Amino acid sequence: MLVHYNQTSDILYYEVLDIPLPELQCLKTLKVAFHHATKDEVVIHSIRLSKNSTISDVITDLKTKVELSNPDTELRLLEVFYHKIYKIFPPHEKIENINDQYWTLRAEEIPEEEKNLTAQDRLIHVYHFMKDPNQNQIQNFGDPFLLVIREGETAAEVMDRVQKKLRVPNEEFAKWKVAFISMNRPEYLQDIDAVSARFQRRDVYGAWEQYLGLEHTDTTPKRSYTANQNRHTYEKPVKIYN
């Protein structure tokens, strides 16, 4: 009989490896969710590389597995948790200590508008949210994203670009509200308000502490990544490749 955590069993489970164990122990496997720039489908890829590999190596490997909108498109890797972006991985970072058991690793194409930023431009976080009427708290949902805002650009101009980016019909988008959110407190913006003026603080702990919030009803059915339904929730159709 076998004993494990005070439990006895006469069944022994084993796994057949596709490579020798010593070789496997020198590798790390990451689950990466690829978000195409123009397609709604999310594709999950397993990337297996040496533990000494870098984020740049992950992106190079991923490019051989995905369909890009342009052959010269650059990719980046993000760390997403509970519908917020917590990290943009630098290309030189080693993958050995990356934990994808609790965080979603998301790869996406870098938009052209982000490649020539001026000193006045800001790359901000944009999150979807609803207000809980019972607890008076903000609940984030959906896919967070990054957006460039220009100096002096108004809320109306920013929201026009957001609508085009997300391809939201006019009738539905008319119900959306936009707010500057800092420390979970929303400040609703009027059409003529300058958005960049709200993002001047440099002493925040992380970029996720202040963001542009899109308030609207979450009407999209959620689809969970079946390998571990507790940690990954997507609002887009999902394909998984191992």
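Modeller: Start with phenylalanine 173 and tryptophan 176: both are buried. Keep in mind that this is a predicted model.

Colleague: How is a pair of rings described?

Modeller: A pair of aromatic rings is described by the distance of the centres and the angle of the planes. This structure holds seven such pairs. Take tyrosine 86 and tryptophan 103. Their ring centres lie 5.5 Å apart and their planes meet at 75 degrees.

Colleague: Where in the chain do tyrosine 86 and tryptophan 103 sit?

Modeller: Tyrosine 86 is in strand 6, residues 84-88. Tryptophan 103 is in the loop between strand 6 and strand 7. They are 17 residues apart, and the pair links distant parts of the chain.

Colleague: What is the geometry of the phenylalanine 173 and tryptophan 176 pair?

Modeller: That pair is tilted, with 5.1 Å centre to centre and 40 degrees between the planes.

Colleague: Which residues form a cluster through ring pairs?

Modeller: Phe81, Tyr82, Tyr86 and Trp103 are linked that way.

Colleague: What does glutamine 163 touch?

Modeller: Leaving out residues up to four places away in sequence, its contacts are Val168, Pro169, Asn170 and Phe173. Glutamine 163 sits in helix 3, residues 155-166. Its relative accessible area is 15%, so glutamine 163 is buried.

Terms used: Residues are numbered from 1 along each chain as its sequence is written. This is a predicted model: local features need pLDDT of at least 70, side-chain atom pairs count only at pLDDT 80 or more; totals for chains, interfaces and linings use all residues. Side-chain values use heavy atoms; hydrogens and water are left out. Helices (H or I, at least four residues) and strands (E, at least two) are DSSP runs, numbered from the N terminus. Buried means under 20% relative accessible area, exposed over 50%, partly exposed in between (1.4 Å probe, protein chains only). Contact means heavy atoms within 4.5 Å. Rings of Phe, Tyr and Trp (its six-membered ring) pair if their centres lie within 6.5 Å; planes under 30 degrees apart count as stacked, over 60 as edge-to-face and the rest as tilted.
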